[in-house]
Amino acid sequence: MATTRATPTQKPAPRRGDGSAAPRSGPGSSQGLKKTAPPVAAAAPEPAPAPPAPKVPKEVVSLIDEKQKTVRPRPAEGEKGGLTPISMKLKPITAGHAAPVPEPVPAPAPAAEPERPQPAPAAVTAPVIEEEAEESDEKIIHIKPPIIIKELAAQLGLRPPQIMKDLMEMNIFANINQSIEADVAATICKKHGFTFEREKREKGGGVHKVEIVVQPPKLPEKPREEELKFRPPIVTFMGHVDHGKTSLMDHIRNARVAAGEAGGITQHIGAYRVDYKGQQITFLDTPGHEAFTAMRARGANVTDIVVLVVAADDGPMPQTMEALAHARAAKVPIIVAINKIDLPSANIDKVKGQLQEKGLLLEGWGGDVIVCPVSALKGTGIDHLLEMILLQAEVLELKASPTAAPRGTVIEAQIEPGRGPTATIIVRMGTLKIGQPFICGNFSGKVKSLIDDKGALLKEAPPSTPVKILGFAGLPYAGDELLVMESERDTKVLSEERLDAQRNEKLASPARPTLENIFDTLAAGQHPLLKLVIKCDVQGSMEALLHSLGKIQSKKIDLDIIHAAVGPVTESDILLASASDAVVIGFNIKVESSAAAAAKREGVQIKLFSIIYELIDQVKESMAGMLDPEVRESVIGHAEVKRVFDLTRGKVAGCLVIDGRIARTARARVLRGRQPIYDGGLSTLRRFQDDVKEVRNGLECGIKLGDFNEYEAGDVIECYNLEKFPQKL
């Protein structure tokens with residue numbers, strides 16, 4: 001029991017830090033001393049090490065005092081005295097690091113006085129710390145105008161639908177890609193605990209950004225001779241339709257392309273690459289129909305050698321001469337391939353003579369144009385034709401720099417499902433690689449994939465290589481030049497500039513009517529109008545179709561193509577045709593299921609064609625069918641009034657048919673002195689007492705015309721029929 005009472009008397013001694021017996025004073029302490037005298041004597045030596053403890057903290061207090069001086073922004077008087085009680089509290093922490101340095105200890109009495117002012121400075125510094133914390137916790141958002149909802153949601157760390165919900169509560173309806181006003185954005189930021197600050201412009205600063213003018217790549221300088229390397233020749237097959245161009249190309253490629261073409265005629269430009277005796281040749285097969293003039297011109301501008309295909313049993317035809325004119329305008333060498341020599345009616349010498357008359361000087365006839373008799377069906381003369389092509393290419397010394405900036409020409413462009421806009425191009429110079437940014441016409445892009453004519457993927461395309469490119473931002477036009485640029489950003493900027501210029505041209509104010517053409521304008525507004533929505537499979541076919549339809553000219557009816565594009569017939573096309581009272585025409589394309597249902601619902605007609613001349617003929621017939629039929633009079637007979645009879649039903653003219661016949665269903669007019677005084681239908685035609693259908697020449701009859709009663713003897717009744725004839729354009 002004595003030990004348990006002595007223990008609490010010994011614990012407070014080190015906490016006080018002094019050797020006085022004050023803690024053991026009290027009513028309970030005197031009783032413990034009397035009962036347990038020996039243990040107290042044993043515990044007496046413990047307070048001996050306690051006196052050095054209060055000496056050490058003085059050094060620690062000075063160090064803490066220096067730190068606190070640096071922390072406090074404004075030291076006040078009396079702060080030094082106020083630090084002493086803090087040091088008293090820190091004694092147990094620094095007691096382990098105490099050093100036995102004897103120093104005079106000031107009396108603890110004055111230390112008790114500064115304990116009271118200590119809370120005052122703490123209260124002064126506390127608000128300062130709290131204000132600093134509030135400033136650091138304030139969330140500020142800076143967004144440059146325009147303020148897009150999607151960007152604002154990303155800055156706030158919220159989902160865009162949450163921002164749209166907040167806007168709907170404010171009666172503002174917008175999607176994630178639309179912009180909002182700065183005041184609205186500030187309200188939304190405040191709702192979510194953020195502060196929105198507008199961008200402030202420096203005094204004297206401009207409000208517009210400096211426009212960066214991006215120039216397209218200039219024409220490359222002439223490369224050095226050591227950079228040039230031989231490239232494969234680009235050969236174009238041209239000629240009249242059905243003269244065997246594609247069949248000849250099929251035999252060279254060992255493929256069957258013509259069988260897959262509608263009507264057995266080529267309606268697209270095909271680009272192929274063939275290996276012959278270790279050398280490569282690039283072939284272009286152009287259509288022969290007259291509607292594809294632009295395609296033939298495009299093929300002639302790209303090619304190095306033109307192979308003019310002429311049928312041995314048919315000779316030069318209009319498209320043959322047109323292709324010859326394109327080749328001469330492009331200033332490219334010509335090789336004549338006389339096809340179908342296996343037919344019994346083939347006459348090679350006759351064809352040569354006809355070509356000579358057209359100004360084409362052939363070998364053996366005093367000229368230098370190579371002639372190769374071939375048969376695409378049996379393969380006769382194909383090897384000789386290929387050898388002549390390689391010989392001509394060797395004479396031309398075709399070279400290109402594979403290290404120059406890549407350039408190419410678009411041969412054909414189309415929209416493919418799952419791939420988007422694609423284009424077949426011929427690389428003219430440089431080496432086209434995957435990942436290169438380019439500008440093609442009005443659209444930019446980045447080469448995502450290179451596909452050759454056999455469907456294989458390529459990593460790069462050297463000069464004279466036909467490849468299909470994926471990665472266009474829009475559908476280019478056939479004949480556009482593809483230019484590779486260094487920066488993808490520059491291609492997008494240049495594309496936006498060109499599209500803006502094109503849009504401004506479309507939005508330009510139309511020509512105003514003048515006094516000279518105002519009557520023509522009024523008359524033109526009365527013409528019937530056939531509106532069409534045209535969808536094609538490829539860009540080249542659309543150009544040919546628009547060119548052919550544009551040649552349909554008529555003063556009686558107008559043709560308006562309100563929309564023409566590449567791709568299948570979609571529901572939006574049907575809705576456009578329904579709103580415009582137009583007819584949808586598709587060429588080598590399909591109709592989406594949703595579009596077919598919409599066409600049935602809206603009552604829009606869809607006409608699909610696979611052969612171009614059938615389409616053109618159908619459009620012409622439709623235009624002619626919209627015209628009102630032409631009404632013509634056909635006189636069938638005359639009757640002279642001999643006597644007028646006044647009956648109860650009215651006056652009736654007794655007549656004698658002097659020529660032709662008088663028909664009951666025909667129309668008649670009364671002529672008096674060669675001037676018509678009445679025109680109408682016959683109400684009564686009788687012979688004696690009988691109603692008859694007609695009265696022939698030399699017979700008498702009674703005639704009553706409608707409600708006409710002013711007959712006179714000597715009048716002539718002319719009977720005629722109205723015939724309707726369909727008008728022509």
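1. Ile439 has Leu483 of strand β21 as its bridge partner. The strand that pairs with β21 here is β16 (residues 437-440). The two pair in the antiparallel sense over three bridges. Strands count as paired if DSSP finds at least two bridges between them. Strands are DSSP runs of E, at least two residues long, and helices are runs of H or I, at least four residues long, numbered from the N terminus.

2. A word on the model. It is predicted, so local features need pLDDT of at least 70 and side-chain atom pairs count only at pLDDT 80 or more, while totals for chains, interfaces and linings use all residues. Residues are numbered from 1 along each chain as its sequence is written, and side-chain values use heavy atoms, with hydrogens and water left out.

3. Strand β21 (residues 481-484) also pairs with strand β13 (residues 407-416). These two run antiparallel, joined by three bridges. Thr409 has Glu481 as its bridge partner in β21.

4. Glu481 has a side-chain link as well: a salt bridge with Arg407, 3.0 Å from N to O. A salt bridge is a side-chain nitrogen of Lys or Arg within 4 Å of a carboxyl oxygen of Asp or Glu. Arg407 belongs to β13 and Glu481 to β21, so the pair ties together parts 74 residues apart in sequence. Arg407 is buried, at 8% relative accessibility. Glu481 is partly exposed, at 40%. Buried means under 20% relative accessible area, exposed over 50%, and partly exposed in between, with a 1.4 Å probe and protein chains only.

5. The side chains of Glu416 and Lys468 meet at 2.8 Å, N to O. Glu416 is buried, with a relative accessible area of 16%. Lys468 is partly exposed, with 21%.

6. How many salt bridges does the structure hold? The count is 25. One of them joins Arg601 and Glu571, with the closest N and O atoms 3.8 Å apart. Arg601 sits in helix α23 (residues 593-602) and Glu571 in helix α22 (residues 571-580), so the pair ties together parts 30 residues apart in sequence. Arg601 is exposed, at 54% relative accessibility. Glu571 is partly exposed, at 32%. Salt bridges that share partners also join Glu633, Arg667, Arg669, Asp679 and Glu718 into one network.

7. Next, a helix pair. Helix α21 (residues 539-550) packs with helix α24 (residues 612-626) at an angle of about 35 degrees. Their axes are 11 Å apart. Axes are lines fitted to C-alpha atoms over the stretch in contact, and angles run from 0 to 180 degrees between N-to-C directions. The crossing is right-handed, a term for the near helix being turned clockwise from the far one by less than a right angle.

8. Which residues meet between α21 and α24? From α21 come Ala544, Leu545, Ser548 and Leu549; from α24 come Ile612, Leu615, Ile616 and Val619. Contact means heavy atoms within 4.5 Å. Seven of these residues are nonpolar, one is polar and none is charged. Nonpolar covers Ala, Val, Leu, Ile, Met, Phe, Trp, Tyr, Cys and Pro; charged covers Asp, Glu, Lys and Arg; the others, Gly among them, are polar.

9. Last, Thr282 in strand β8 (residues 279-285). Thr282 is buried, with a relative accessible area of 0%. Leaving aside residues up to four places away in sequence, Thr282 touches Pro233, Ile234, Val235, Tyr272, Arg273, Ile426, Ser464 and Pro466.
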